[in-house]
Amino acid sequence: MDQFSTDPFHHAPSDDPASQRGTARDSLLLAAMLKVAGGEAVQVRVRNLSAGGLMAEYAERVEIGTPVQVDVRGVGWVDGRIAWATDGRIGIAFDHDIDPMAARKPVTTKPASLEKPPVRRPI
């Protein structure tokens with residue numbers, strides 16, 4: 001008997017593609033716009049983001065391999081394909097790698113409602 005046969009934390013390699021990813025993923029909660037096969041853009045919640053793809057919440061049924069576009073804040077529109085879909089979540093593999101840290105950069109412009117009004121001196 002080897003040392004792992006009674007170890008409750010040892011798991012055999014899985015056939016699940018998600019467990020075989022080689023790239024680092026960044027867990028986050030980010031709103032993005034998604035277009036499925038050239039359709040209308042809908043808002044989704046991105047849960048994981050990496051250079052090669054993302055995982056998002058998406059309740060509609062979609063086939064693996066379907067072309068998509070995702071507008072990721074700080075990155076822009078990115079082309080990709082549905083890699084997997086299950087239980088209200090989808091995985092998207094990008095056609096080209098992105099810089100996932102660009103999505104975490106702070107927005108540098110203030111909305112007009114947050115800017116202070118100009119000071120006016122009495123006449």
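Visitor: Which residues touch the most other members in the largest nonpolar core?
Guide: Leu34, Leu49, Leu54, Ile90 and Ile92, in a core of 21 residues. A nonpolar core here is a set of buried Ala, Val, Leu, Ile, Met, Phe, Trp, Tyr and Cys residues joined through side-chain atoms within 4.5 Å. This is a predicted model, where local features need pLDDT of at least 70 and side-chain atom pairs 80 or more, while totals for chains, interfaces and linings use all residues. Residues are numbered from 1 along each chain as its sequence is written, and side-chain values use heavy atoms, without hydrogens or water.

Visitor: Which strand gives the most to this core?
Guide: E1, with four residues. Strands (E) are DSSP runs of at least two residues, numbered from the N terminus.

Visitor: How many bridges join E4 to E5?
Guide: Six, and the strands run antiparallel. Pairing needs at least two DSSP bridges. Gln69 has Asp79 in E5 as its bridge partner.

Visitor: New topic. Is Thr66 buried or exposed?
Guide: Thr66 counts as buried because its relative accessibility is 15%. Thr66 lies in the loop between E3 and E4.

Visitor: What does its side chain reach?
Guide: The Thr66 side chain reaches the backbone oxygen of Glu63 at 2.6 Å.

Definitions and conventions: Buried < 20%, exposed > 50% of the residue type's maximum accessible area, 1.4 Å probe, protein only. Polar contact = N/O pair within 3.5 Å; in protein donor to acceptor, adjacent residues only side chain to side chain.
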